[in-house]
Amino acid sequence: HAVKIKATSNNPIRHLPSMYQENVFLRNYLMIFQHIMNETSITLDNLDNIFRPMETPSKFLPVLADWFGVNFDLLGSEEIARKVLQYAIPLYRYRGTKLGLQALLYLVSGIVPEIVEGKLPFDALNISDGTDISATILENQETNNIFSVYFPILADEMPADKIKRLYYLLQNEKPVDTECYLYFKKPQKKKRKTTVFTSDITEMGVDG
């Protein structure tokens, strides 16, 4: 069976004098431009969708990220990028705060981190006794311009590239006058088997 396709749009030829309206070639030729106009009209009528992170084309996501001041390369997958951009305005309101940073890291990693303010994730090392150096390595343990971000999982459970992106994301989003440290759950140390020597043990000689 023959398939016939009928265009629903009016042909622009109707705007021409009647002497041209019977020209089949001209009618088909003008229909090409009508289709282009239709696609342009549809795009303009739905222009608001382009600015919606969950509906915009993938190629426009970096543009939206740039408008919101978000480093697109640090977000990871397209799905994560859409989620972060969806909440970009609420996140911007809390930018530089503990809550805002925690929410951003959750959207990117899928894990709610714990943010500890004023403490290092490890003990500070002091060099003073018997040396020519008397100083604190890194920072004092109690300080107001340091905070630590703790993820309650082992570092091996998170891909190395994601850890690197989270680190750079922290450096970009933290307040300028602060220092930030990222750390993970410590692996459990395996207990060594102990051997107890008693008076009952007979020493083996060369002859066995």
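Helix axes here are lines fitted to C-alpha atoms over the stretch in contact, and angles run from 0 to 180 degrees between N-to-C directions. Helices (H or I, at least four residues) and strands (E, at least two) are DSSP runs, numbered from the N terminus. With that in hand, let's start the tour.

You are looking at a predicted model, where local features need pLDDT of at least 70, side-chain atom pairs count only at pLDDT 80 or more, and totals for chains, interfaces and linings use all residues. Residues are numbered from 1 along each chain as its sequence is written, and side-chain values use heavy atoms, with hydrogens and water left out.

**Whole chain**

Show the protein chain as a cartoon and you will find seven helices and five strands. Followed along the sequence, their pattern is α-α-α-α-α-α-β-β-β-β-α-β. Of the 208 residues, 25% are buried (under 20% relative accessible area, with exposed meaning over 50% and partly exposed in between; 1.4 Å probe, protein chains only). Take the contacts (heavy atoms within 4.5 Å) between residues at least 6 apart in sequence: 54% of them join residues at least 24 apart.

**First stop: H4 against H6**

Select helix H4 (residues 78-86) together with H6; their axes come within 9 Å and cross at roughly 155 degrees. H4 and H6 are therefore roughly antiparallel (over 145 degrees; under 35 is roughly parallel, 65 to 115 roughly perpendicular and the rest oblique). Now show side chains: Ile 80, Lys 83 and Val 84 of H4 meet Leu 104, Leu 107 and Val 108 of H6. This contact has five nonpolar residues, no polar and one charged (Ala, Val, Leu, Ile, Met, Phe, Trp, Tyr, Cys and Pro count as nonpolar, Asp, Glu, Lys and Arg as charged, and the others, Gly among them, as polar).

**Next: H6 against H7**

On the H6 side, pick out Leu 101, Leu 104, Leu 105, Val 108 and Ser 109; they meet Lys 162, Arg 165, Leu 166, Leu 169, Leu 170 and Glu 173 of H7. Seven nonpolar, one polar and three charged residues make up this contact.

**Then: Leu 64**

Centre the view on Leu 64 in helix H3 (residues 61-67). Is Leu 64 buried or exposed? Its relative accessibility is 2%, so Leu 64 counts as buried. Leaving out residues up to four places away in sequence, Leu 64 touches Ile 50, Phe 51, Pro 53, Thr 56 and Leu 85.

**Last stop: the aromatic rings**

Rings of Phe, Tyr and Trp (its six-membered ring) pair if their centres lie within 6.5 Å; planes under 30 degrees apart count as stacked, over 60 as edge-to-face and the rest as tilted. The count comes to eight aromatic pairs. In one of them, the ring centres of Phe 51 and Phe 60 are 6.2 Å apart and the planes stand at 80 degrees, so the pair is edge-to-face. Phe 51 is partly exposed, at 42% relative accessible area.

Move on to Phe 151 and Phe 184, a stacked pair with 5.7 Å centre to centre and 25 degrees between the planes. Phe 151 sits in strand E4 (residues 146-151) and Phe 184 in strand E5 (residues 179-184), so the pair ties together parts 33 residues apart in sequence. Both Phe 151 and Phe 184 are buried. Finish by selecting Phe 25, Tyr 29 and Phe 33, which form one aromatic cluster.
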